[in-house]
Amino acid sequence: MRTWELRAVWQTLSMLTVNVGLPAPRDSRASRFASGGSADQSATTSPPPATRQFAPRHQVNPSEDERLIRRLASWCRANRLEPMPESTVPGPTENERGSLAALGGVAGALLETVPDRQAHHLPPAVLAWVDSAPRLSKDLLDDLRRSLGRGSEPLAEVYERLVAAPRRRPLGTFFTPPSIATYMTDLIKSRALDFATIADPGAGVGAFTRSALDAWPSAHVHAVDVNVVTLGLLAATPAISSHLPMRLSLHDTDFLKWLSTGWHRTPGPRLIWGNPPYTRHQGLNREVKLRARNASRHLAPGGRAGLSTYFLAASLANLAPQDSLCLLLPSNWLEAEYAQAVREYLWNATRRPTELHIFPHGLNLFPVASVAAMVIWVGPETRRESPLLVHRIDGLLSSGFRTVRVESHERVGTPPKCFMFGKRKTDPAKVQEKAVELASFAQIRRGVATGANRFFLLTDAQTRHLPPGTFVPAATRLRDLVGETLDHKTHDALGMRGDRRWLLWLTREDAKVPTVAQLIELGELNRIHEAYLCSSRDPWYAVERIPVPDLLFGPMAKGRFRLILNRVAAIPTNTFYGIRLRRRPADLHSVEILANWIRGPLGQEALSELARQHGGGTLKIEPRDLARLKVPAEIAGRLDPA
């Protein structure tokens, strides 16, 4: 290529790198050397740097605890260290992992008063984390101790300030509001049970560990977590560390692994209780899913289960007759097909008292996780059979929660497919006399999951030097589409705004083109090929090929579900479902008739009855449920002529 062409290509790739949010392009050999070296070594062999001043923030009339949290977070950012290894704390950026490394100084300052006898029982990774960081000033440490003495939880909030919510998802790190922990403690205490062992899975910074130590003074508590930082913050909390090692053990390991290696060596009766990680199934690699399925044994959920459902299944599979379980979970598993084996077990285990405590859908306990929540209680086996009790909960995070209604369901006959029990039934008078399922004449499937949207979705400027055929129109976000039709005019308007409206559509043959080859090299330089979905493809840069859908369906809604006519032949990302007719209709007007019916009151009502309710009143419908949508036979006949 000529010099000016190469320069133009490199400028385009540089623009791409900025949009990806990664370092600017540089010589690939130099970048590989620059990224070398061991963060572990630098953290343990280099002397702690001199402490720097924190950068204070201004806020009008902040509370005393809020001022402390901001000061601690600023101190950690100002004293940022070599980033912790990504394998230690998956998810956060390098800067965030550098701030988390400095946070070890906060924990270390608190732990300096812990007797050596107790410190010897801290996990080695926690000791290495706290030993490598500078220490707080005396004034800041004294303020922190006073806050902890008042019963505040500043350490959890500092962690949340240092790591953005989306990057806490790989480990499912969302901390439990105190009112929820109180509700669950009261629930178990009312059963008048004693425990010799209590296990806190995904212990975080210790909300449930601390409650267990206070509520059951004769029990030994095992706090289990793979996150070294949160486990270290738990250990540094004076009200918790004082119980090491006589009443508390810390385990820097995967709870699913610990169930098979440590759980069965503990004395009973035992209780598994806490708030398991909320990691979604997309964030679990094959190895983790296989280990989770093995731990769950005969109760193993389907492949679309999140980590919290695996924790539930594995815990139930490992309960002895005298053991109990109480977990705070997303409510999805109550009706999701992937958890059917778990629901069947609970339905048939009639000698175990079982209760579902369901919080109101309008209350989002974990706003950044966008899920509705519930509590499950499973007691020790008894001589009598008992019904399944469903508690409907009301209240506020600030003032606490209470049961407003209890439903009793006798566990006889075939297990129900859904444990929500409150689903509104269709009025028989409104059911179409002649209707067919959408799947009988259309294919429903999810859009393309790229694994790295910031690389695979391009603006007009980024496609300027790519050859035709290496990118195709894309539909990426429902909120970007203001009308009910995605045509060329609408798609061009996205381009004029600078939106990412193109999807890379590469093959091995395309990689021979110099501009494409440099784009691929840039992706590998920035480690795009190591992302979970990308690493499972061969080649990594070739996204899944799917047929162009006729309609684009938004699967989540708070009011009405949206349906977009796909006139520009766009390939949707996985924020959409695509609906493609199995046969091409003679009249494209028929597709509009179908779309208008789905958008209308009868279609929307039918969709809402097939959907599941999530946090904040959000409805979500799965592809298999959308496939069951009953469409009037007259409309279906026009789209699937004999």
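Guide: Threonine 470 touches Leu503, Leu504, Trp505, Leu506, Asp510 and Val516, with residues up to four places away in sequence not counted. The model is a predicted one. Threonine 470 sits in the loop between α19 (460-463) and β13. Its relative accessible area is 1%, and because buried means under 20%, threonine 470 counts as buried. A further pair involves threonine 507: its C-alpha atom and that of threonine 470 are separated by 8.1 Å, although the two residues are 37 residues apart along the chain.

Another strand to follow is β18, residues 563-566. Both of its faces are covered: Leu563 and Leu565 on one side, and Ile564 and Asn566 on the other, are all buried. Strand β14 (residues 485-486) is joined to β18 by two bridges, and this pair runs parallel. Here threonine 485 has leucine 565 of β18 as its bridge partner. Strand β16 (residues 551-553) is joined to β18 by three bridges, and this pair runs antiparallel. In that pairing leucine 551 stands opposite leucine 565 of β18.

Elsewhere in the chain, the topic is helix packing. Helix α7 (residues 124-131) packs with helix α12 (residues 228-236) at an angle of about 85 degrees, and their axes are 9 Å apart. The two helices are therefore roughly perpendicular to each other. On the α7 side the contact is made by Ala125, Val126 and Trp129, and on the α12 side by Val228, Val229, Leu231, Gly232 and Leu233. By class, the residues in this contact are seven nonpolar, one polar and no charged.

Some of these names return around leucine 103. Leucine 103 touches Cys76, Trp129, Val158, Leu162, Val229 and Leu233, again without residues up to four places away in sequence. The largest nonpolar core has 74 residues, and Leu103, Trp216 and Trp273 are those with the most contacts inside it. Helix α5 (residues 94-111) gives this core its largest share, nine residues. Apart from that core lies another, of 40 residues, among them Trp258, Ile272, Ala314 and Met374. In soluble globular proteins, nonpolar side chains tend to be buried together.

For the chain as a whole, there are 26 helices and 23 strands. Buried residues make up 53% of the 642 residues. Of the contacts with a separation of 6 or more, 75% are between residues 24 or more positions apart. The pair formed by threonine 470 and threonine 507, at 37 residues apart along the chain, gives a local view of such separation in sequence.

How values were computed: Residues numbered from 1 in each chain as written. Predicted model: local features only at pLDDT ≥ 70, side-chain atom pairs only at ≥ 80, totals over all residues. Heavy atoms only, no water. Axes fitted to C-alpha atoms, helices over the stretch in contact; angles between N-to-C directions. Helix = DSSP H or I, 4+ residues; strand = E, 2+ residues; numbered from the N terminus. Parallel < 35°, antiparallel > 145°, perpendicular 65-115°, else oblique. Contact = heavy atoms within 4.5 Å. Nonpolar A, V, L, I, M, F, W, Y, C, P; charged D, E, K, R; others polar. Buried < 20%, exposed > 50% of the residue type's maximum accessible area, 1.4 Å probe, protein only. Pairing = 2+ DSSP bridges. Core = buried A, V, L, I, M, F, W, Y, C linked by side-chain atoms within 4.5 Å.
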